[in-house]
Amino acid sequence: SPAEFFAENKNIAGFDNPGKCLYTTVRELVENALDSAEAISELPVIEITIEEIVKSKFNSMIGLVDRERVDEALYDDYETAKAREKRLAKEARAQEIQAKNAALGKKVKEHTVSKSSKGRGEASFYRVTCRDNGRGMPHDDIPNMFGRVLSGTKYGLKQTRGKFGLGAKMALIWSKMSTGLPIEISSSMRGQNYLSFCRLDIDIHRNIPHIHLHEKRDNKDKWHGAEIQVVIEGNWTTYRSKILHYMRQMAVITPYAQFLFKFVSDAPDKNVTIKFARRTDVMPPVPVETKHHPSSVDILLIKRLIAETSKQNLMQFLQHEFVNIGKPLAERLIGELGPEFSPKMAVKSLTDQQIVRIHQLFRQAKFDDPSGDCLSPAGEYNLRLGIIKELHPDMVATYSGSAQVFEGHPFIVEAGVSVGGKDVKQGLNIFRFANRIPLLFEQGGDVVTRTALKRISWNNYKINQTQDKIGVFVSIVSTKIPFKGTGKEYIGDDISEIASAVKSAIQQCCIQLKSKIVKKMQAREQQERKRNLSKYIPDASNAVYDVLQEMAKSHASKKRRYEEGDADILQKVSDHLITKETLYEKLTQHVEKVDYEMALEYATQTGVREEPREDIYLQSLDGKGNFFDFHSPIFVFRLFL
């Protein structure tokens, strides 16, 4: 059965090991929650909690009594007296070497006492809970939505976050394999006065849900959404950073969502609570399902479309089941197919040979490219806001390309490049997104990584590839993301259309940054000039004053006569109305004035005011009014009517 296939090949769906299983479970639940909220145009509010369950608590949950070990030598982590003696001797030698190095003033690494290896049978268990404010699920559909693999609809031609259409089903299969405990689902839809509760697991052999409890409960709070709770084997220690990176990157690409992430443990020092606040209420449009482009279909897909179509004849089939085939083009195609084809022939009567002929013509004929209207990119405004919100860079530039096509599928590339920021390492920091979800694994072979490392000449844009803190963000959306590898963790570098679009988008960002960097360099040079001038003011004022004194003496002795204006100045020098201090003050004022005028000119060019600036986030207005949004790459102007 499909459930058996994925249970035996769980690595295909990202369930390679306990740590990756925990990460993938979190990812699937969060992405399902986002889809659910966006489907009803609700600003997502998502809470994800990972609770560590110690062995004794897990045993009590499944009704198993803890037993003391009787035969120690039977266990995998048993240490013989000889092995223990050898380990202690090794530790003593290491401590001795450490003490010698410390005495010599050498840098000493902190010595960690080696622990006995964890036994194969001793696992870590976690309760993962995800709660959202989305659409919810119909009461009667819940068992099949979670307990039957491949019962979903993610195989239609539409931009979707998921990779396989499995969602939480794979988490349920892993739960069944690792803990045997059922999954618990609470759900309610808008306007429902009841809450659906379901506790179930899956019959992997038969691919059907096994329902423990399915009932309706009171919904006093009028809450809508879903809460899913599953207990699985995992490894928080090894995948902690990956899970937190995932949440942070998800906050970058969806700044209109609010995330609350918690890790709860019996050891308080291990607890983690992070809130990713919402910074905008502007959501991307919902992706639209579209028809297949003739150049993107294969023979099996044509047969499936023929089997499912409601159209009777070939002419109607070509016009209504494919994009960019109007009546005139359909007539020309049928004429080109040959004499055995006619517009009125029954589409269901097509033979295998005739279907192959249609497929061959589709591959050779010229069609207009599909439009990108069905796609839902994050938007330049949201991408910029997400980068600023999470990284706090010194400067950022974004670019959104127009829709392009590969193999009959439309795609859009958006990019952002930032310089500086909080918690950003030196060099290139690459953030990859596909259909608005972060890609964290197998970065080396990805088209974004290869383009950023090998095809962009950063020095040309006044950016130091090794010294500067550079953030490169690339988001690709499409009805078909050309993932590579079984785990679908990276986008290949072999599709020239995508590689070219990625390079162009990053370059456009770099061009914007270059002008900002050049202006910043000019401002820095200006400050340096001011510092240099200020440094010479004392010497210059002394030298000028000495010259004026000599001139004043010659003027007083009538050895040399000066014009009226100069004579007045020299008289003031003689009367000590002009002193060294006066010259020092005047020169300082002049340098300040020149610097102020140049700074004002710079500020006017860059749009910077004199007053100090501060980040202010305006919360959305209460109440639902009629309004229009005017979109710009860096802001959205909302006009209320």
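This report describes a sheet and the nonpolar cores in a predicted model.

Eight strands form an open sheet with mixed pairing, and their order across it is 5-4-3-6-2-1-7-8. Strand 5 (208–218) and strand 8 (272–276) are the edge strands, each pairing on one side only. On average, neighbouring strands of this sheet are turned by 15° against each other, direction ignored.

Helix 6, residues 168–178, packs on the sheet. This helix touches strand 2 (124–131), strand 3 (183–188), strand 4 (194–203) and strand 6 (225–234). The direction of helix 6 makes about 40° with that of strand 6.

## Strand pairs

Strand 1 covers residues 45–53 and strand 7 covers residues 258–264; the two pair in the parallel sense over seven bridges. Within this part of the sheet, Ile50 has Phe263 of strand 7 as its bridge partner.

Strand 1 also pairs with strand 2, in the antiparallel sense and over seven bridges. Here Glu47 stands opposite Arg131 of strand 2. Strand 2 in turn pairs with strand 6, again in the antiparallel sense, over eight bridges. Arg131 has a bridge partner in strand 6 too, namely Glu227.

How many of the eight residues of strand 2 are buried? Seven are, so strand 2 is largely enclosed by the rest of the structure. A residue counts as buried when its relative accessible area is under 20%.

## The largest core

In soluble globular proteins, nonpolar side chains tend to be buried together. The largest nonpolar core in this model has 68 residues. The members that touch the most other members are Val30, Ile50, Phe146, Trp236, Phe259 and Phe261. Helix 7 (residues 236–253) gives the largest share of this core, ten residues.

Leaving out residues up to four places away in sequence, Phe259 touches Val30, Leu34, Ile46, Met247, Met250, Ala251, Thr254, Ile274, Lys275 and Phe276.

## A second core

A separate, second core has 35 residues. Among them are Phe411, Ala415, Ile498 and Ala499.

Technical notes
Residues numbered from 1 in each chain as written. Predicted model: local features only at pLDDT ≥ 70, side-chain atom pairs only at ≥ 80, totals over all residues. Heavy atoms only, no water. Pairing = 2+ DSSP bridges. Helix = DSSP H or I, 4+ residues; strand = E, 2+ residues; numbered from the N terminus. Axes fitted to C-alpha atoms, helices over the stretch in contact; angles between N-to-C directions. Contact = heavy atoms within 4.5 Å. Core = buried A, V, L, I, M, F, W, Y, C linked by side-chain atoms within 4.5 Å. Buried < 20%, exposed > 50% of the residue type's maximum accessible area, 1.4 Å probe, protein only.
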